[in-house]
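Please look over the model below before reading my notes.

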Amino acid sequence: MDKETKFMITYLLFAAICSSVSSDEWKATVVKSIDALVTSCVVVPCSFSHTGGNKPRSRLRAMWHDKGKTPDTKGNNIYHEDYTLIKDNFKGRTKMLGELGQNNCTLEITPVRDHDNGPFCFRVELVRGEGNEPTKDMFSFVEDCVELNMISKPPKPTLIQPKTATQGEPYTVTCSVIHTCPNHVPKLTWNLDITNIIVHHKDIKQGNWETQSILTFIPEEKDDNREITCTAEFNGGLKSPETFTLHVKRIENYNHIIIPAVVGIGTALLFGIFCIFMAKKYKNRIAELQNQEGTMWNRLSRLSRRGRR
């Protein structure tokens, strides 16, 4: 076996060993940055893996802490299973949404306050079970932390609609808004008293969700130049409206032309029929008079011949 072959075999063995070791490393996937609306809520998607393999929930203990601060210590945690170890200004505002036994470390903060910037990091510990005593297997994912960008004004909804509506035909408008609060989604309302509305929610990833409200109605002539408004009301009460002006294309109405034309044609027909009837009547009368005149002349002619005799 030559040196090159030995080197390749050694390299492959080393790669296989490293791969098996790295597959058991402590890893976390956390969104690095999220825009968070003050007074609303924010959900931080998080997943992790650990060297202990799959463990039941009772064998895991989770916490979220300030980056650079010692976790599992009073005043350094924004979430902890021991309520007394949570920072006072975060108590009652944080909870774990993810199932630790399924390696889900998703965190919710509600309501968001203007000092909740972070960065915040996740930590997991393997415990012995009863007594919740930690083992030596524990890890803080300080390289995978989240920062919150505080937003004081709610985002405006986005309206998608055809430029022009047609009178008497269905018209559809879609109003959508991006948010970070899937458990308390924004409420989208319209300034129209219409019940034909469909609402959709979807995860667009990176800690953002989208809520859509689809409105369908049949515009009338009176709706031309009417303002239509969609208002998004976020968890916490902040509202944000968006408005557009509806332009309705009227259906052409030719009654003002058709009716007079029909009346005129009808009148002309009646007058024509009347004239034909009268002409025929007078023609018969003239023929009758002519016959009477011819009869009279015949009588006069006979009388004249008798007188000569």
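The numbered points below take up rings first, then the backbone.

1. This is a predicted model: local features need pLDDT of at least 70, side-chain atom pairs count only at pLDDT 80 or more, and totals for chains, interfaces and linings use all residues. Residues are numbered from 1 along each chain as its sequence is written, and side-chain values use heavy atoms, with hydrogens and water left out.

2. Rings of Phe, Tyr and Trp (its six-membered ring) pair if their centres lie within 6.5 Å; planes under 30 degrees apart count as stacked, over 60 as edge-to-face and the rest as tilted. The count is 6 aromatic pairs. One of them, Phe122 with Phe141, is stacked, at 5.9 Å centre to centre and 5° between the planes. Phe122 lies in strand β9 (residues 120-127) and Phe141 in the loop between β10 (134-140) and β11 (147-151), so the pair ties together parts 19 residues apart in sequence. Strands (E, at least two residues) are DSSP runs, numbered from the N terminus.

3. Buried means under 20% relative accessible area, exposed over 50%, partly exposed in between (1.4 Å probe, protein chains only). Phe122 is buried at 0%, and Phe141 is buried at 2%.

4. The peptide bond from Thr110 to Pro111 is cis, with omega near -5°; the bond from Gly118 to Pro119 is cis, with omega near 5°.

5. Thr39 has a positive phi, near 85°, and is partly exposed at 32%. Lys205 has a positive phi, near 75°, and is exposed at 53%.

Technical notes: Helices (H or I, at least four residues) and strands (E, at least two) are DSSP runs, numbered from the N terminus.
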